[in-house]
Amino acid sequence: TSGPPAPGPGSGAAPAPPEPGTEAPPPAEASPPAAARGAEDGRLRPGAKRVTFPSDEDIVSGAVEPKDPWRHAQNVTVDEIVTAYKQACQKLNCKQIPKLLKQIQEFKDLAPRIDCLDLKGEKLDYKACEALEEIFKRVQFKIVDLEQTSLDEDGASALFDMIEYYESATHLNISFNKHIGTRGWQAAAHMMRKTNCLQYLDARNTPLLDHSAPFVARALRISSSLVVLHLENASLSGRPLMLLATALKMNMNLRELYLADNKLNGLQDSAQLGNLLKFNSCIQILDLRNNHVLDSGLAYICEGLKEQRRGLVTLVLWNNQLTHTGMAYLGMTLPHTQSLETLNLGHNPIGNEGVRNLKNGLIGNRSVLRLGLASTKLTCEGAVAVAEFIAESPRLLRLDLRENEIKTGGLMALSLALKVNHSLLRLDLDREPKKEAVKSFIETQKALLAEIQNGCKRNFILAKEKEEKEQKLQQSASMPEITVTEPLEEEGSTPAASENGATEPAEDDGGDVTDSDSDTDEEVDTGFETKDSSVPPNHPDGAAAPRPSPEQPRERPPPLPRAEEPPRSPAASPASAPSQRNERRISVSSPGRGHKIFVVTRVESLPERAAEDATHPGPAPATKPELPAPQANGAVPEVPAGSAEPGAAPSCESAAHDAPLPNGLKMDFARALPETPLDGNGKVGSCAAEHGKRSKPSPPPKIRAS
């Protein structure tokens with residue numbers, strides 16, 4: 001039988017091994033795929049894909065500019081606005097708002113922002129909100145009032161997007177809209193973050209719940225324009241307040257924050273507010289009325305207040321169940337606050353003990369101007385403590401003591417305190433007198449109430465007069481006054497002077513002896529002004545200027561008239577008269593900080609008399625007297641008339657001590673002047689000789705400041 005046939009080329013059997021002694025043939029090369037063979041031939045198969053890229057110049061085919069939101073607002077008229085709004089309502093199949101149409105008809109000047117768009121109380125569904133876009137795209141407003149408009153999530157989102165896009169309002173009121181939901185608050189937060197013109201947002205009675213608060217908190221953290229935020233009765237207690245307080249630590253623009261009626265507690269919520277006050281010094285008004293802060297919460301808030309070097313101006317704690325314990329915390333905090341001006345503690349059961357705890361802190365405080373103690377369960381005892389604070393306060397402007405049981409004794413204490421207080425302008429008390437066991441006391445109460453009101457009126461008149469005087473003083477000090485004093489050709493009569501160079505005290509109409517050149521600490525507190533060296537100590541009528549009272553700041557002395565010479569004392573005239581006759585004095589006075597007037601005097605010698613004075617020096621003194629010891633108040637005591645030798649000319653030291661210095665420096669500054677060096681023969685050169693050594697070209701004029 002024959003063997004099995006050899007496997008064909010298409011069979012799956014392996015090729016037979018080569019016979020022994022023969023060489024194996026080289027392996028056959030793999031054939032290329034069909035696509036590659038087609039590419040080599042320059043041809044593509046019908047199913048192959050190909051990717052190409054355009055050249056760099058052809059990649060960007062064009063650009064589209066963003067739409068101008070105000071393309072419809074150019075040269076717009078009222079009729080066009082009305083027509084566009086009616087067409088939008090017809091297209092959206094919604095009712096027109098007659099109140100809105102009436103307001104549009106009353107628009108006059110459309111170029112700037114219109115005062116108000118008032119939609120309060122109108123029901124706005126989604127279609128009504130969409131129709132409002134025809135108005136917002138043509139006109140801007142200062143106030144957009146959407147209070148109680150029954151906004152839902154869709155309508156609120158659409159409206160807030162329009163207001164953000166067209167920058168429609170600077171003041172927005174969305175209060176009493178309880179159903180704007182999460183998407184509505186999300187759109188509101190986007191509006192707050194993106195709109196640069198929105199400064200005021202009122203969201204009273206609009207709940208801001210846990211799932212909506214993060215959006216608002218993120219917007220407040222980076223908000224750049226919002227200044228006033230109302231969130232009363234917005235259910236903030238807990239996590240929403242924590243998120244808001246944390247975000248507001250970084251906000252440097254918000255100035256007023258209203259958080260009333262949010263049931264804030266005295267633990268976690270108050271701790272968040274205390275931390276907020278520690279880190280944020282930009283909020284000026286914090287309103288916490290009608291919450292549950294309690295004494296424990298007030299302790300947290302006081303810790304934050306101690307860190308407020310500047311910032312918080314008004315703190316409202318009305319109706320927070322505070323007692324005398326909380327007033328102890330507040331009394332220890334008030335001396336540290338430097339910016340707090342208004343403190344409202346009304347409707348808290350503070351009592352007489354609480355006012356006593358608060359009194360020392362109020363006296364130590366230097367910033368509180370308005371204090372609210374209405375309905376705080378005070379009696380006459382508490383009124384006496386308040387009266388002690390009134391008598392000590394130089395800055396309190398308003399005090400509210402209504403709805404308290406303050407009877408005759410307390411009113412008497414308040415009346416006596418007002419007699420020594422000159423700042424309190426308004427003291428609110430119950431108009432009707434309280435019931436007394438003795439009927440005659442009711443008439444006494446009425447008389448005391450009238451006295452208290454008269455005291456406030458008196459303080460108001462004094463404050464108005466003081467303000468007018470300050471305005472006149474600022475107007476007169478706004479321009480520098482330049483006074484040129486030329487030498488007189490003939491000697492005139494000089495006013496009488498005392499031995500120390502000061503004008504003799506004169507009695508005014510009231511009989512009080514005053515000194516026109518005193519330099520006491522009291523004058524610093526009562527508006528002391530640095531004395532102008534170009535003003536003579538006496539008035540033209542010969543009477544010295546009266547000392548200013550503590551209530552009235554000293555007025556600025558009038559400038560010296562032209563061609564008038566400051567007075568010289570007789571003791572200094574023999575030596576200093578030749579030098580003063582050939583001097584020209586230019587005094588420049590300009591306003592400084594506060595009420596002080598700074599004077600710079602320039603003394604120049606006239607060339608035609610310089611040589612003449614050099615040839616006639618004054619007599620030299622024989623000895624050098626010592627300056628007397630200064631008194632306790634800084635004034636230099638008078639020198640006895642018989643201390644100098646008869647007929648001897650006064651020395652330079654004596655002239656500098658006894659006579660006013662040429663540039664108007666005060667006498668007690670003489671101690672700080674350097675001593676005059678001795679000449680070759682061991683004697684002190686005379687004043688006239690010193691001023692007369694100008695035969696050579698005179699050096700540049702000296703400028704002396706007082």
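Biologist: Leaving aside neighbours within four places in sequence, which residues is Thr342 in contact with?
Modeller: This is a predicted model: local features need pLDDT of at least 70, side-chain atom pairs pLDDT 80 or more, while totals for chains, interfaces and linings use all residues. Numbering runs from 1 along each chain as its sequence is written, and side-chain values use heavy atoms, without hydrogens and water. Contact means heavy atoms within 4.5 Å. On that basis the partners of Thr342 are Val313, Thr314, Leu315 and Arg370.

Biologist: Is Thr342 buried or exposed?
Modeller: Thr342 is found in strand β9, residues 342-344. Strands are DSSP runs of E, at least two residues; helices are H or I, at least four; both are numbered from the N terminus. Buried means under 20% relative accessible area, exposed over 50%, partly exposed in between (1.4 Å probe, protein chains only). Thr342 has 17%, so it is buried.

Biologist: What is the length of the polar contact between the side chains of Thr342 and Arg370?
Modeller: A polar contact is a pair of N or O atoms within 3.5 Å; within protein, one must be able to donate a hydrogen and the other to accept it, and residues adjacent in sequence count only if both atoms are side-chain atoms. For Thr342 and Arg370, the value is 2.8 Å.

Biologist: How far is the backbone nitrogen of Gly346 from a polar atom of the side chain of Asn344?
Modeller: Asn344 is also found in β9. Its side chain has a polar atom whose distance from that Gly346 nitrogen is 3.1 Å.
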